[in-house]
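Have a look at the model on the screen, and then I'll walk you through it.

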Amino acid sequence: MHIHKYEKIWLIFGVGSLVLFLGVIGVAAFAFGHQPPSHMATVDAENLDQDPVFSEPGLTKIDESTYRATLVAQAFGYNPNRIEVPEGSTVLFEVTSADVVHSFTIPGTNVNFMVTPGHVNMAEHTFNEPGEYLVLCNEYCGTGHHYMSMTIEVVPR
Amino acid sequence: MNITNLAVDITQQVKPGVDPKDKKLTIYHMSVAFVAFIIGVFGGLLQGLARGGLIPLPSWLGYYQILTAHGVLLALVFTTYFIFGFFFAGISYTHGPLSKGLRKLGWTGFTVMSIGAVLATIMILMNEASVLYTFYAPLAAHWLFYIGLTLFVVGTWISSGAILTHFYRWKKENPGERSPLFSFMATATLLLWIVSSLGAAVSILFLILPWALGLTDSVNVLLTRTLFWYFGHPLVYFWIMPTYMVWYLVVPKLIGGRLFSSSLAKLAFVLFLLFSTPVGFHHMLMESGVTEFWKFLQTVLTFAVVIPSLLTAFSIFATFEQTGREQGGKGLFSWLKKLPWGDVRFFAPFMGMMFFIPAGIGGLINASFSLNAVVHNTLWVVGHFHLTVGTTVILTFFGMAYWLLPMLTGRRFTKHANRCGIVQTWLWSIGMFLMSGAMHILGLFGAPRRTAYATYQDAPQAVAWFEGIFASHITVAVGGVILTAAGVLMFYNFIYLTLLAPKGETEFPMTPDPHDMKDSPKFLENWKLWLLITALLIVFAYTIPIYDMIVNSPPGSPLFNNLIK
Amino acid sequence: MSEMNKQKSKSHTSGENHTSLKTTLIFTMTLGVLILLSWFAVFFLFLERS
Ligand code: HEM
Ligand SMILES: [Cu+2]
Ligand SMILES: [Cu+2]
């Protein structure tokens, strides 16, 4: 199989770029923790009211600047549908669904993950700018899908 | 000219072309494809206008109902019928008429597919199936919708059987000969289709259908999603491979040149077969229940399937340059003038190639593991696949339609048709530039896909998506209007070329196989080997995560059919 | 037929390497640079947002 000299150059360059990309995201993920949300915990979606965590969803303070937000997504909203944290807080979101597949997405951030019934998914974000953050569902979940949203109020310290 | 040369030319000239009975089978496929296309296009128009807040939808027509129809009719029905039509014509051209039995099998496949497609469409129109073309559980459609999808897939298997058998018979009669490129590539494409659609079939038949019928009372949601994307990614290569076939086999002929390496072309198609399937997790990167390790492994395999596209980019451009220079073109760029820019059969696929540059880059970004968080389920993704399937594939298919349709109906590809084609190509390109360009940027700002008109109680961020100068839902709608005009023009071209154009002859512009054909390595033709490696890769990439999904699954989900009406 | 012959004799004389593929090299390299730039643009957007 004969390969033209220029084609070899191109393939080395092209495959080299692919390897570079894989290297960058691999190092970012496995050395610096920029992993895609891949939580493995499961729950009983039909009996969330008996679940130790999701029976009472809401915000809990872990320390001065760290919060844990447990939320339940359900057609077509989130429970709770509003949370408030001070500027500079890091929030760990733990979300599950009570019915179909939804997403938990804060536009303009990297918080954007699927919420599958029976599974818990997680992401963390530090809110450095005060203001109202929109959370929306970007996985089609039924006729009211485009109404599904909540807000995160980040108040100045 | 010497005698042997003359002999070769005569045999080439008396080559029978496509048998009339096989032409009929193809024209039926094409007709269904174009009807699905035009309905789908109007769906797209309504979506663009409705999302932009420019029109309200009537109460009897839901946004998600239209979106389901748009996805099913364009991404599944249009593409599949077009591809099978192309394959039936091409295999008959390459290896002679189908036998009576195989042709009957082809018609059976067509019929079963069509019953399925019509059934699924009816269920969508009755608003019993607004689950989108991905039919993610536990949203549930009427069970007849799933029956329709099943029949559709079974029909494609029957048709694949007819095409593959025709090729197999030729192979048996010509032991030791290298397969013509057309049949080689069609075989790789169909094998990929069969291997991958098995996943969708398993999901529907064993998980979703029993659940939708009430025979089981819950379904493993994550497993159905995994099986869908086991099918869903190869599906896009099922569109891309025939597109590349036109680039490799037809475009060189149209520009008056020829392909110069058959080995590399064959290698590219083998790589597609091997690496297209074990990569479905790149659609589930943001999902719980699959570990980072398996996601990363499939990301690596996803990047491997980029390599045949790198090969293709070089081969095609080199064919252009070689041909331009052979025709006397000089300099770094002035040879480009030698290409037949005025011929839409070349120009439409060429524009498709140009759009594949941003499309391919977008795809690399989507598949890049944690980077996917930036774009997942945003309009960026919609912009991306309107470039890939919605422009690259479709413009190449249109480029094919300009010669295939008149060839099938015994008509001539006229100047008029060519002119309409050029206008069509420009309109489609401009419309898509606006629509897809705006979608990409809106997506980076976080605007969601698959979402009707929404401002989320006038949240400032969401309102901004309507107010950008270019990055706005309004630009999407404007692009959609231009695209619709282009779509209507294409439908006219279809009617003209099948029913109105003057009678005459149109050739099948297939490039002769390259000179290195005889030296192309024998092992490339070893389909058993390739299927074995394909299977091993699939087993390697999927066994442990799927086992985990079944063994550690949470309680299954009941039916949610109330949420879609 | 003459058309066909013309093509044939042309491709006979032009084995690979006889014609220059300079522009192809430039095209593919430009494509490569474009890929790198776009990918890193989104990568930095990702870093900036996290
Ligand atoms: C007139 C031309 C077209 C217009 C105006 C158009 C418009 C749109 C719009 C606005 C959406 C997204 C809506 C949303 O996510 O909320 C969409 C989705 C889609 N389009 Fe198109 N489109 C056109 C042509 C095509 C073509 C030719 C194809 C494929 C061959 C295609 C395939 C799809 C698919 C697969 C989806 C996704 C459906 C889903 O999310 O379930 N479109 N289209
Ligand atoms: Cu939702
Ligand atoms: Cu994919």
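This is a predicted model: local features need pLDDT of at least 70, side-chain atom pairs count only at pLDDT 80 or more; totals for chains, interfaces and linings use all residues.

I'll go through the metal sites and then the salt bridges.

Residues are numbered from 1 along each chain as its sequence is written, chains are lettered from A and ligands numbered from 1 in the order in which they are written, and side-chain values use heavy atoms, with hydrogens and water left out.

Okay, ligand 1. Which residues coordinate its iron atom? They're His70(B) and His386(B), each through NE2, at 2.0 Å. A donor here is an N, O or S atom within 2.8 Å of the metal (3.2 Å for Na, K and Ca), and as water is not among the atoms, sites may look incomplete. The site of this iron atom has six donor atoms, with angles of 86 to 179° among them, and is octahedral. For six donors, that label requires opposite donors over 155 degrees apart and all others between 65 and 115. The ideal values for six octahedral donors are 90 or 180 degrees.

Both histidines, His70(B) and His386(B), are buried, and buried means under 20% relative accessible area, with exposed over 50% and partly exposed in between (1.4 Å probe, protein chains only).

What else sits around ligand 1? There are 26 residues surrounding it, and the closest include Arg51(B), Tyr63(B) and Arg450(B); the cut-off is a heavy atom within 4 Å. By class, that shell has 16 nonpolar, seven polar and three charged residues. For Arg449(B), a side-chain N or O atom is 2.9 Å from an oxygen atom of the ligand, while Thr451(B) uses a backbone N or O atom, 3.2 Å from an oxygen atom of ligand 1.

Now over to the copper ion, ligand 3. Its protein donors are His233(B) through ND1, plus His282(B) and His283(B) through NE2, lying 1.7 to 2.0 Å from the ion. In sequence, those donor residues are spaced H-x48-H-H. His233(B) is in helix α7 and His282(B) in the loop between α8 and α9, 49 residues apart; helices are DSSP runs (H or I, at least four residues), numbered from the N terminus. His233(B) is buried at 9% relative accessible area, and His282(B) is buried at 8%.

Last stop, salt bridges, meaning a side-chain nitrogen of Lys or Arg within 4 Å of a carboxyl oxygen of Asp or Glu. How many are there over all chains? The count comes to 13.

My pick is Glu525(B). It forms a salt bridge with Lys171(B), at 3.6 Å from N to O. Glu525(B) lies in the loop between α16 and α17 and Lys171(B) in helix α5, so this pair ties together parts 354 residues apart in sequence. Lys266(B) also meets Glu525(B) in a salt bridge, at 2.7 Å. Lys266(B) is in helix α8, so that pair joins parts 259 residues apart. Lys266(B) and Glu525(B) are both buried, whereas Lys171(B) is partly exposed at 25%.

And over in chain A, Arg82(A), Glu132(A) and Glu153(A) are linked in a salt-bridge network. That's my tour, thanks!

Note on methods:
Four donors count as tetrahedral if all angles lie between 85 and 135 degrees; four count as square planar and six as octahedral if opposite donors are over 155 degrees apart and all others between 65 and 115; anything else is irregular. Helices (H or I, at least four residues) and strands (E, at least two) are DSSP runs, numbered from the N terminus. A polar contact is a pair of N or O atoms within 3.5 Å; within protein, one must be able to donate a hydrogen and the other to accept it, and residues adjacent in sequence count only if both atoms are side-chain atoms. Ala, Val, Leu, Ile, Met, Phe, Trp, Tyr, Cys and Pro count as nonpolar, Asp, Glu, Lys and Arg as charged, and the others, Gly among them, as polar.
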